[in-house]
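We will go stop by stop.

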Amino acid sequence: MCDERGTGCASRRAVLAGAGGVGVTALLTGCQTYGEPTTPAAAPQTGGSAAAPAGASPGGSGAPAGPSAGASGSPAGGGEQPPAPAALAAVADIPVGGGKIFKAEGVVVTQPAAGTIKAFSATCTHQGCTVTSVKDGTIVCGCHNSVFGIADGAVRSGPAGSPLPPRAVTVDGDDIRLA
């Protein structure tokens, strides 16, 4: 296989070192965090809101400044109330005993009992992935299988050690809005 002088042949030490390097690379690749990190979830919050209700979110962000300027600058006061933020969903869209994930807004809205609307951050407290489903009365993060309760966001199982933080929402008639 090799010529008699040993030139052009890899030593056993070089072959083993190369194989070890490939193994370490594979191991480190397998240890990466899966899912969506929290930073992109925050960025689509502005971009996602701007994509669907384009005028609502920027107006919602500027709403506190807009109405105060409009009320003081315009005696007619055509818009005395600030425009309400765009509705996330209708109450009827959120199943009783279940919920719905709004990735762009970074929120999961649940209805643990008929007429009881709760909302939590959609970012898993384990490693920052976005939760992936709401089923069987629980919110599930598919990255590492953390499971949270739909009524209180408390950890039911999995590696997450903290509950999902609550998010403020309002129910206006049948519309659910971020507060």
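A salt bridge here is a side-chain nitrogen of Lys or Arg within 4 Å of a carboxyl oxygen of Asp or Glu. By this rule there are two salt bridges.

Before selecting anything, note that this is a predicted model: local features need pLDDT of at least 70, side-chain atom pairs count only at pLDDT 80 or more, and totals for chains, interfaces and linings use all residues. Residues are numbered from 1 along each chain as its sequence is written, and side-chain values use heavy atoms, with hydrogens and water left out.

**Stop 1: the salt bridges**

Select Asp-152 and Arg-156. Their side chains meet in a salt bridge, 3.2 Å from N to O. Asp-152 has 41%, so Asp-152 is partly exposed. Arg-156 is partly exposed too, with 47%.

Now select Arg-177 and Asp-175. They form a salt bridge, with the closest N and O atoms 3.2 Å apart. Arg-177 is buried at 13%, whereas Asp-175 is partly exposed at 28%.

**Stop 2: the cysteines**

A disulfide is a pair of cysteine sulfur atoms within 2.5 Å. The whole structure holds one disulfide. Select Cys-129 and Cys-143 to see the bond, with sulfur atoms 2.3 Å apart. Cys-129 lies in the loop between strand E4 (116-121) and E5, and Cys-143 in the loop between E6 and strand E7 (146-149). The two are 14 residues apart. Strands (E, at least two residues) are DSSP runs, numbered from the N terminus. The torsion about the S-S bond is about -110 degrees, so the disulfide is left-handed. Cys-129 is buried at 1%, and Cys-143 is buried at 18%.

Next, select Cys-124 and Cys-141. Cys-124 is buried at 3%, and Cys-141 is buried at 2%.

**Stop 3: the sheet**

Show the cartoon view. Four strands form an open sheet in the order E5-E6-E7-E8, with antiparallel pairing. Two strands pair if DSSP finds at least two bridges between them. Which strands sit at the edges? They are E5 (133-135) and E8 (155-157), each pairing on one side only.

Zoom in on E5 and E6 (residues 138-141). They pair in the antiparallel sense over three bridges. Finish on Lys-135, which stands opposite Thr-138 in E6.

Methods
Buried means under 20% relative accessible area, exposed over 50%, partly exposed in between (1.4 Å probe, protein chains only).
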